[in-house]
Amino acid sequence: MAENAPPRWDRRMQQRLSRGEAAALGEMYDRFAALVHSQANRMLDDEDAADAVTREVFGYVWENPDMYDPKQGSMRAWLAFLTHRESVRRLRDAADDGDPDGPDALDERVRRATAAARADYIVASMPAPLRAALELAYVQRRDYRQTAADLGVTADEARRRLRLGLQLLSTARTRPVEGAPPPGYGRAL
């Protein structure tokens, strides 16, 4: 199998969606709705708007399953891209409707939200041992020794996992996530 080939699940899901299998959309929703909703909510800081973006994204996928191009990245990356694009569109529409902060504030909000969404994607995509170490250290406020004890690994291994996890997270502000679709991927929602 080619290195850039999509996972088998992604190919099968696209085929099922293209045939109009409603169960496929349900399966996809169960698997990715939390990702889509949390990314939209993080960008928009509005639960109702995040709900609307989630509906828009899955509606778009249902109506346009052939817009997914496996050569551009995973199904997960495509959904994250669609979510980002729809969230940015909503932010820009809100700015056009009289946002007093102006376009510079909007651009900064979009940049911050994009970095946050990339960080969410990176954390969700990283191997479970790295994610667990980061959660213990930064969410539960454990030091590396406590993290090591909780994970059942050596202190050196805990430090290695934390360092690698932080290195991955640091890329959120500097470059797009590997495997994520390039700008302009697909058509507008």
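The model is a predicted one. Of its 189 residues, 39% count as buried. Take the contacts between residues at least 6 apart in sequence: 67% of them join residues at least 24 apart.

**Helix H3**

- H3 covers residues 47-63, which makes 17 residues. At 1.5 Å a residue this helix should span 24 Å, and because its end C-alpha atoms sit 24 Å apart, expectation and model agree.
- At the start of H3, Asp46 puts a side-chain oxygen within 3.0 Å of the backbone nitrogen of Asp48.
- Which residues of H3 are buried? They are Ala49, Ala50, Ala52, Val53, Thr54, Val57, Phe58, Tyr60 and Val61.
- For reading a list like that, remember that an α-helix has 3.6 residues a turn, so residues three or four places apart point the same way.
- The cover over the buried residues of H3 includes helix H1 (8-18), helix H2 (22-44) and helix H4 (75-96).

**H1 against H2**

- A packed pair of helices is described by the angle between the axes and the distance between the axes.
- For H1 and H2, the packing angle is about 140° and the axes are 8 Å apart.
- Angles over 145 degrees would count as roughly antiparallel, and at about 140° the pair H1 and H2 is therefore classed as oblique.
- The crossing of H1 past H2 is left-handed.
- On the H1 side, the residues that meet H2 are Trp9, Met13, Arg16 and Leu17. Their partners in H2 are Ala23, Ala24, Leu25, Glu27, Met28, Arg31 and Phe32.

**H6 against H8**

- H6 (128-139) and H8 (residues 155-170) pack at an angle of about 95°, with 9 Å between their axes.
- Why are H6 and H8 called roughly perpendicular to each other? The range for that label is 65 to 115 degrees, and their angle of about 95° falls within it, so the label applies.
- H6 brings Pro129, Leu130, Ala133, Leu134, Ala137 and Tyr138 to this meeting. From H8 come Arg161, Leu162, Leu164, Gly165, Leu166, Leu168 and Leu169.

- Is Arg161 buried or exposed? Arg161 is buried, because its relative accessible area is 14% and the cut-off is under 20%.
- Leaving out residues up to four places away in sequence, Arg161 touches Pro129, Leu130, Ala133, Leu151 and Val153.
- Among these, Pro129, Leu130 and Ala133 are also in the set of H6 residues that meet H8.

**Two loop residues with positive phi**

- Asp45 lies in the loop between H2 and H3. Its phi is positive, about 55°, although Asp45 is not a glycine.
- Asp45 counts as exposed because its relative accessibility is 69%, and exposed means over 50%.
- Where does Arg141 lie? Arg141 is in the loop between helix H6 (128-139) and helix H7 (144-151).
- Arg141 has a phi near 60°, which is again a positive value in a residue other than glycine.
- With a relative accessible area of 69%, Arg141 is exposed.

Conventions: Residues are numbered from 1 along each chain as its sequence is written. This is a predicted model: local features need pLDDT of at least 70, side-chain atom pairs count only at pLDDT 80 or more; totals for chains, interfaces and linings use all residues. Side-chain values use heavy atoms; hydrogens and water are left out. Helices (H or I, at least four residues) and strands (E, at least two) are DSSP runs, numbered from the N terminus. The expected span of a helix is 1.5 Å times one less than its number of residues. Buried means under 20% relative accessible area, exposed over 50%, partly exposed in between (1.4 Å probe, protein chains only). Contact means heavy atoms within 4.5 Å. A polar contact is a pair of N or O atoms within 3.5 Å; within protein, one must be able to donate a hydrogen and the other to accept it, and residues adjacent in sequence count only if both atoms are side-chain atoms. Axes are lines fitted to C-alpha atoms, for helices over the stretch in contact, and angles run from 0 to 180 degrees between N-to-C directions. Angles under 35 degrees count as roughly parallel, over 145 as roughly antiparallel, 65 to 115 as roughly perpendicular and the rest as oblique. A crossing is left-handed if the near helix is turned anticlockwise from the far one by less than a right angle, and right-handed if clockwise.
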